[in-house]
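Hi everyone, thanks for coming. I'll take a few minutes to walk through a structure with you, so please have a look at it while I talk.

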Amino acid sequence: MTGFSLFVFGFSEAIFWVITTLNKSVNYTTFSPLRPGSRLEETEVFIDLVLVKRIGVLDIQGSVEEHFAALEDACKNLSSAGKGSKKYEAVLVKNISDLDGVSGLIIPGGESTTIGKLLRRFGLREEIIKRASKGDLAIWGTCAGAILIAKEIVGREQADSLGLMDISIERNAYGRQLDSFETSIEFDGIGKIPAIFIRAPLIKKVGKGVVVLAKNEGEIVAAREGKFLATTFHPEMTNDIGVHEYFVGMC
Ligand code: GLN
């Protein structure tokens, strides 16, 4: 290598370092600064920059695997749609360090009181509240997850909930006969999608800044407030990944 190519190489390394450092502070990861296998010519420096956004599934309890599979598919679709300049990656989040560099988090359905207690025990609760309140973390709560992100739970103490989204929600609102059922609903911006409700809650009231995205028989079943999304049903249990793609778009 001539002295000049060494200089060019050193210069490109320095640019990579600066970009990586900047990207870390905005939760991106940088890959492949130089095309693998490329010969560094004196006059050419290849900087092949790909920004990767990580989106997490809270891996504590409930429909984690189903969400992860659907999220992976959604990430793949949107990564190729972005013409390679932006990529999305699905990750599992179990503890605070997993949250590093994650720009969106899905809280799956399950049992809201259990997930809430474990969020506190694993030390995740405060960190999620801190980052989400700063607008630094998009959150999608499905079913139990929607209960956890609601600011108000009808008739309930909410010691372990996250209290982030301006909605009022009632747990197990469908009574015995309708405990669990499947139907299809019109989701604003996506179209008709299948919806599975399992001992679902009901969104009873929404605040001023909340947009209603879907209703079932007149009742609100999906809503969004800025970076927060709540669905009372389970899109991860169907083959339709429309809502997962919608959420990736929010991150
Ligand atoms: N009934 C559960 C709760 O109140 C939620 C059910 C679900 O997530 N499918 O936490």
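**Around the ligand**

Let's start with the ligand: one of its nitrogen atoms is 2.6 Å from an N or O atom in the side chain of Asn172. How much of the ligand's own accessible area does the protein cover? On its own the ligand has 300 Å² of accessible area, and the protein covers 96% of that. Before I go on, please keep in mind that this is a predicted model.

Arg171 puts a polar side-chain atom 2.6 Å from an oxygen atom of the ligand. Ala144 uses its backbone instead: an N or O atom there lies 3.0 Å from a ligand oxygen. The list of residues around the ligand also includes Gly109, Gly110, Glu111 and Ser112, along with Cys143, Ile147, Ile198, Arg199 and His234.

Now for Thr142. You'll find Thr142 in strand E5, which covers residues 138-142. Is Thr142 buried or exposed? Thr142 is buried, because its relative accessible area is 0%, and the cut-off for buried is under 20%. Its side chain makes a polar contact of 3.1 Å with the side chain of His67. The Thr142 side chain also reaches the backbone nitrogen of Gly109, at 3.1 Å. And Gly109, remember, is one of the residues around the ligand. If we skip the neighbours within four places in sequence, the contacts of Thr142 include Ile107, Pro108, Thr231, Phe233, Pro235 and Glu236.

Okay, cysteines. A disulfide is a covalent bond between the sulfur atoms of two cysteines. How many disulfides does the count give here? The count comes to zero. Take Cys75: the closest cysteine sulfur is in Cys251, 8.3 Å away, so that is too far for a bond. The cut-off would be 2.5 Å. Cys75 is buried, too, since its relative accessibility is 2%.

Next, a helix. H3 runs over residues 112-121, and its buried residues are Ser112, Ile115, Gly116, Leu118 and Leu119. What do these buried residues pack against? They pack against two strands, E2 (50-58) and E4 (102-107), and against two helices, H4 (124-133) and H5 (144-149). After H3 comes Gly123, with a positive phi near 75°.

On to the strands, and to E7 in particular, residues 165-170. E7 runs parallel to E6 (residues 150-153), and three bridges join them. In that pair, Ala150 is opposite Met165 of E7. E7 also pairs with E10 (residues 202-206), this time antiparallel, through four bridges. There, Ile169 sits opposite Ile203 in E10.

Finally, let's zoom out. The protein chain has six helices and 13 strands. It has 251 residues, and buried ones make up 47% of them. Among contacts with a separation of 6 or more, 65% are between residues 24 or more positions apart. The chain exposes about 12500 Å², with carbon and sulfur atoms supplying 52% of that.

Key:
Residues numbered from 1 in each chain as written. Predicted model: local features only at pLDDT ≥ 70, side-chain atom pairs only at ≥ 80, totals over all residues. Heavy atoms only, no water. Pairing = 2+ DSSP bridges. Buried < 20%, exposed > 50% of the residue type's maximum accessible area, 1.4 Å probe, protein only. Contact = heavy atoms within 4.5 Å. Near = heavy atom within 4 Å. Polar contact = N/O pair within 3.5 Å; in protein donor to acceptor, adjacent residues only side chain to side chain. Areas by Shrake-Rupley, 256 points an atom, 1.4 Å probe, with all protein chains shown as cover.
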